[in-house]
Amino acid sequence: MTTNAFEAATVHGEMFDTNELVINMGPQHPSTHGVLRVVLRLDGEKVVDAEVVIGYLHRGIEKLSENRNWTQIILLTDRMDYVAAATSNVGYCETVEKLMAIEVPRRAKYIRTILMELQRIASHCLWVGTHAMDIGAMTVFLYAFRERELILDLFEEFCGARLTYNSMRIGGLPLDIPPGWDKKVLAFCDIMDGKIDEYETLLTHNRIWLERTKGVGVISGAEATALGLCGPALRGSGVARDVRKDEPYSAYAEMDFDIPVGVQGDTYDRYLVRMEEFRQSLRIIRQATQGIPEGPIVGKVPRLIKPAAGETYHAIESPKGELGYFIVSDGKSTNPYRFRVRPPSFCNLQALPRLVRGHLVADVVALIGSIDIVLGEVDR
Amino acid sequence: MIDTFIIPTLKILIVLNATLVGVSYMTLLERKVIAWAQSRLGPMRVGPQGVLQPIADAVKLILKEDITPSKADKWVFTAAPVISMVPALIVYAVIPFGPVVRLFGRDVSLYITDVNVGLLYIVSVASVGVYGIILAGYASNSKFPLLASLRASAQLISYEVAVTLTLVSVILMSGSLSMVSIVNAQYNAHVWFGFVQPVAFVIFVIGSLAETNRAPFDLPEAEQELTGGFHTEYSGMRFALFFLAEYANMIVVSSVATTLFFGGWLRPFPNVAALHFLDVIPSWTWFLIKSFVFLYLFIWIRATLPRYRYDQLMRLGWKVLIPVAILNLVVTGIVKVMLL
Amino acid sequence: MADAPEHAPKAAAPTGPVEPPPPADAAVPGYITSLQNGVPGSVTQLSLYLGDWTVIVPASHLLQAGRYLRDNAACAFDYLSDLTATDWPPRTTEGRFDVVYMLYSTRHRHRVRLKVKLGEDQPLASVTGLWPAANWLEREVFDMFGVNFTGHPDRRRILMPEDWQGHPQRKDYPLEGPGELLMENPLDWLKLRQAREEADIE
Amino acid sequence: MAHAIAFYTLAAFILGFAILVVTTKDTVHSVLFLVLDFLFVAALYVMLNAPFLAVIQVLVYAGGIVVLYLFVVMLVNLKRPPEAHSDPHRMTKFGFGLAGAVLIELGAIVVSGYMKAPAVTSPAQNLPVSGNTEQVGWLLYTNYLIPFEIASMLLLVAMIGAIVLAKREL
């Protein structure tokens, strides 16, 4: 929210300027994936420069969290990346567990892993649907939502909610999995296998899809790293950076999976990386579901959660990228002294002006889709 | 009196009404077909299987408030939807739905008129339809519609060239510009032109997708990029007119494709006497069936393909379709001269 | 806001984070010793807590230390994963802010945390030249804490509206309401709100 | 009789729109009146039994060329104040003089036309083909072949020139 952008849109935006056209994309726009505003400076249809204006969904979750007790915050983390709420829950709980040195039982770790990977598939479903829709292939959108629905059903059975789950507790889980749930998860994996092929049939070798995504928004690995891109957007540029492998958390150390990386660093590679992540996630879910150990689901947690004074940073791999929590406890009050989220969408969105420069208006929506942002997380 | 005035008036009324009803049911068909492609049901609430949905839509659109933006060019803003609708309708004047038939003891032709420049008439009237889109974009006094109208005019003009060139190859085959003569020429040639002119046919289909702003060439109304394109600022019945014009144009294009490439009202293998029993089905039904196949193809493509980008669209038009169409035309001419 | 002690947290306000020095037997990682040798005076304090190494750097040495950590082959911290700040209003001697840099090396897969202690009006050199990723992160810290980054290419508010008063994540900023303006002059705030509403209607 | 009424009505419309084209303030409106004018001229061609010419008139002028005009007019800066449009070097007297000369020339043509014998027989009547389109084609590729070729050469040159001007970095 800046005067610069505003002035650009009004003062500069003389409607019939033959040199430059300033276009305000959003905050109400069908394909900015929320209340994102992009001020585009166009030469014809070519983007000369872009400015991203955010903050429309700012709810001050960091500030709020500093005034809530440690358990209440779990609920707030749901509201950040609302298409992958369980992942945000886990990230927060693990950070607090690290602060309090709580040992989480293996069973809880396995179930968390399953939930997070289901969540990754759900989030990627939403991504592939909206990304394809932005490029005009609307059928994929409905196919992907069909499968996302199955995951939401699984979540509903597990915790009763479909979007904002509040499904973790510090030290473990609130509930054990319902009987037979693991069978359903495995059945879902079998269904999903075929459905991924279905999306790929519609897109991967489609000539129009190739033309629209290949060579669009190319970014080298070094530049992507410097710009702070994370998750599939970074891996699409060939940097094999995945928190699940590099700094294993939950049960990922015991899982066998691969990290797909791209070569060119264009939209198509980012697409391929995510498509492969679908399959890797299924692989992890299968391993974890078949190997859920018996045991308790909550570790030894004191009745009053009040970590000793100290600070820590803990990151996990959310579907969007590195989701980090930096939490400072003063050891005196029952709420965190400082609660900071490192939102992957925020850091990815930062690269948008760099990616769109020199491309056409139509590529802007393709690129917004390809970095996969959730505005709830960008603005917090 | 009856022959010169009443019968033509009746024909015009029938065709107009049938077109408008057809257009509104086209929207339902599209929603249903796409819904089936996407494993959902589509409209189901109004009437059994949602068959009354178009009527409900029409009522809704008529009752909706017509908003004119305060900074719009009011006259042009109002005229634009009409300008795009009228050419879409008057094209039907020369489309032959069937041959001359005996009806109530009178020879009645199943077309409104047969002018000897019929095909050119269609092309030229269609070219006027561009104004609706350009003016809508201009008059809205808004940036997204303006960008969309620029895209639209560039797209329509470019693809018109390719489409017209394919029409010329058909004209070479038939030796006439009259729509009725083209169908008769296919009867005399014992083959539908679609089979002798496959290249022209493919270019025609691609070009007509682009000319009717249909996916994958629906750039002027690309919702994801231009928030709805040239009709962003339109609401109510004016918006509906644009919508109807698009579907009316689709029907026109399908009818033209049927007439030029698939024998119009002719039944399959019109010269094979053994298939004479097919004549039980009236000629206009054959025409409608064939047109329906094209319409279905249009919808199918929309459900399947992503959208082209503006520069790719232009490249396809100018660097692929037009050269191929010219080549096809030259080859057709040479073959025609050699054979005669 | 600093001069509004009546709104400062009541319960004995903490004066800073616990930065336990590493135990004597802990092996200091190579990149830290390398930094200590490469940029003398850049490490004022070391801390190890829960396995995270924190290096406290004086504000004057931040850019040098950052460049060394990024470019030195043994360190190769090419990825700035996070940049944030913490506010400790009662801490007057070392400055109220901790500006924290989470660094990561995609090559060596190790992490380090840099921390700069900063007074309220003290400027801090921007690290956007080293890690472009810092651009928005520094803007957010500026927006939320009012840390003055010098040499930032585009120093504006990012999440809050441009005309917002105050810096919401400071500890003395009230949790609810429109901020210090309401606290001090409620009538002024009402007038301002009315003016804004009228501007919106127009 | 009906023919005459139709002719004069069309002529009135054509003249009316032509006046509107030059008097309207808004350039886009003026281009629109030009389109209407072309459409009525096309109607006139239909009356003169030249449907091919009518259709081509609509296709080429109304549907093609004026769209490009509209393009240009929409894109140039129209929101300038009226002072910006007035040209200090405008040669009003010269303009009126030129217009007068053209008017006299037209008048002379009309008058000399009346003086001469009734119009020469239309060449179409001696052509080996029937049908409007065929006749136009026949004439174009026989009697008027050289002007036709020259015209197409001219257009080609113009097109190349336009491309060169537009794409300097080609």
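Good morning. The model is a prediction, so local features are reported only at pLDDT of at least 70 and side-chain atom pairs only at pLDDT 80 or more, while totals for chains, interfaces and linings use all residues. Residues are numbered from 1 along each chain as its sequence is written, and chains are lettered from A, with ligands numbered from 1, in the order in which they are written.

I begin with the chains. Two residues are in contact if their C-beta atoms, placed from the backbone, lie within 7 Å. There are 4 pairs of chains in contact, and chains A and C share the most contacts. On the two sides of that interface are 41 residues of chain A and 34 residues of chain C. Several elements of chain A supply at least two residues each to the side that touches chain C, including helix H1 (3-10), helix H4 (85-100), strand S4 (310-318) and strand S5 (321-329). Helices here are DSSP runs of H or I with at least four residues, strands are runs of E with at least two, and both are numbered from the N terminus. S4(A) gives the most to this side, with 5 residues. By class, the side of chain A that touches chain C has 14 nonpolar, 14 polar and 13 charged residues; Ala, Val, Leu, Ile, Met, Phe, Trp, Tyr, Cys and Pro count as nonpolar, Asp, Glu, Lys and Arg as charged, and the others, Gly among them, as polar.

Chain C has no contact with chain B, and their closest C-alpha atoms lie 14 Å apart. Nor does chain C touch chain D, the nearest C-alpha atoms being 23 Å apart.

Next, chain C itself. Its secondary structure comes to 5 helices and 7 strands, in the order α-β-β-α-β-β-β-β-α-β-α-α from the N terminus. Of its 202 residues, 36% count as buried, that is, with 20 or more other C-beta atoms within 10 Å of their own; 12 or fewer make a residue exposed, and values in between partly exposed, with C-beta atoms placed from the backbone. Arg109(C) is found in the loop between strand S4 (97-104) and strand S5 (111-118) of chain C. Is Arg109(C) buried or exposed? Arg109(C) is exposed, because 12 other C-beta atoms lie within 10 Å.

I turn to chain B. Helix H8 (residues 198-211) and helix H12 (residues 310-339) of chain B pack at about 150°, with their axes 10 Å apart. Axes are lines fitted to C-alpha atoms, for helices over the stretch in contact, and angles run from 0 to 180 degrees between N-to-C directions. H8(B) and H12(B) are therefore roughly antiparallel, the term for angles over 145 degrees. Residues making the contact include Val199(B) and Ile203(B) of H8(B) and Leu321(B) and Val324(B) of H12(B). The contact has 7 nonpolar, 2 polar and no charged residues.

H8(B) also packs with helix H10 (residues 236-261) of chain B, where the axes come within 11 Å and cross at roughly 170°. This pair, H8(B) and H10(B), is therefore roughly antiparallel. Among the residues in this contact are Phe201(B) and Phe204(B) of H8(B) and Val253(B) and Phe261(B) of H10(B).

Finally, chain D. The count of buried residues among the 24 residues of H4(D) is 0. Thank you.

Methods:
Parallel < 35°, antiparallel > 145°, perpendicular 65-115°, else oblique.
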